[in-house]
Amino acid sequence: MEDRKTAIVTGASVGIGRAAAVKFAKEGYNVAIIARGNGIHDVGGEIRKLGVECIDFQGDVGSEHDVKTMVAQVEGKWGRVDVLNCNAGIVVVKPLEDTTWEDFVNVTHINIGGHFLFTKYVMPIMKRQKRGAIVNMGSVSGHVGQTEHAIYGSTKGAIIAFTRAVAWELAKYNIRVNSISPGSVDTPMLRSDIQLESTRTGMPFDEVKKLREHEQAFDRWADPAEIAEAIYFLASDAASFITGTDLLVDCGWVAK
Ligand SMILES: NC(=O)c1ccc[n+]([C@@H]2O[C@H](COP(=O)([O-])OP(=O)(O)OC[C@H]3O[C@@H](n4cnc5c(N)ncnc54)[C@H](O)[C@@H]3O)[C@@H](O)[C@H]2O)c1
């Protein structure tokens with residue numbers, strides 16, 4: 001078995017997932033990353049330059065075949081999985097009436113399904129090790145009623161509920177399961193979200209951006225690296241007595 005710890009990070013070609021993968025690499029983990037686009041290989045190159053090994057897997061977290069294949073590769077190469085960080089997710093921002101059945105199926109499939117599939121296939125490895133940490137990706141949308149985010153918010157609420165239940169199921173194997181709920185984080189997802197809102201409302205992009213920055217007490221969005229720090233903390237032994245919880249990294253949004 002490989003000496004170095006191993007982390008799997010999903011949705012790691014850009015945004016929060018990319019920042020988390022780089023953080024684990026800087027902390028000395030071998031990292032396995034997955035995203036649908038071929039940008040995942042650029043992140044793989046970036047990680048290898050940090051002196052650790054990387055499996056950069058181009059695939060879909062909503063495909064059981066892809067998830068099974070990737071987890072088998074990780075187990076075959078390193079023989080261990082210390083951390084699973086599920087980040088991959090998509091958003092739909094629309095009035096509910098305009099939301100299609102396809103939107104619903106797509107968002108629930110990827111957001112909840114991706115967490116389910118990775119947990120299901122990593123779980124046996126962590127159980128065998130009698131050790132592991134899983135960090136899932138919620139959102140403030142899973143805590144507050146965010147206009148035009150009904151389906152997205154439902155998936156995030158479901159991920160937080162999933163986290164609690166799996167935490168209890170895996171506690172006896174010394175596996176901790178938690179989630180993070182960020183506020184607004186400056187990523188391609190948020191920027192395309194703001195662009196859509198700007199097009200729909202006719203408000204300039206920068207005005208919508210300002211409004212969305214006001215939702216955070218420090219009047220700014222998070223940098224993805226700030227969310228990666230929180231993910232790393234929950235995954236690390238520093239969080240050894242934390243399981244079944246959701247950590248809001250929202251700069252006071254929900255506290256207001
Ligand atoms: N950006 C925010 O403000 C914010 C706030 C709260 C929660 N989140 C959550 O954080 C996570 C990451 O968000 P982000 O803003 O970095 O998003 P992003 O769109 O910028 O990046 C998402 C990543 O997930 C990957 N991905 C999407 N669908 C996939 C699939 N089916 N299979 C494999 N990879 C897939 C993309 O390729 C990309 O690498 C998401 O779950 C999102 O819901 C984001």
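**Ligand shell, sheet and helix packing**

The shell around the ligand draws at least two residues from each of α1 (15-26), β2 (30-35) and α6 (188-201), where helices (H or I, at least four residues) and strands (E, at least two) are DSSP runs numbered from the N terminus. The model is a predicted one, in which local features need pLDDT of at least 70 and side-chain atom pairs count only at pLDDT 80 or more, while totals for chains, interfaces and linings use all residues. Residue numbers start from 1 along each chain as its sequence is written. In total, 29 residues surround the ligand, and the closest are G11, G15, G89, T187 and M189; a residue is near a molecule if its C-beta atom, placed from the backbone, lies within 6 Å of it.

Seven strands form an open sheet with parallel pairing, in the order β3-β2-β1-β4-β5-β6-β7, two strands being paired if DSSP finds at least two bridges between them. At the edges lie β3 (54-58) and β7 (246-249), each of which pairs on one side only. Within the sheet, β5 (residues 132-137) and β6 (residues 175-182) pair in the parallel sense over six bridges, and I134 has V177 in β6 as its bridge partner.

Helix α1 also packs with helix α2 (residues 39-48), at an angle of about 20 degrees and with the axes 10 Å apart; axes are lines fitted to C-alpha atoms, for helices over the stretch in contact, and angles run from 0 to 180 degrees between N-to-C directions. That angle makes α1 roughly parallel to α2, a term for angles under 35 degrees. In this packing, R18, A21, V22 and A25 of α1 meet V43, E46 and I47 of α2, contact requiring C-beta atoms, placed from the backbone, within 7 Å.

Notes: Parallel < 35°, antiparallel > 145°, perpendicular 65-115°, else oblique. Contact = placed C-beta atoms within 7 Å.
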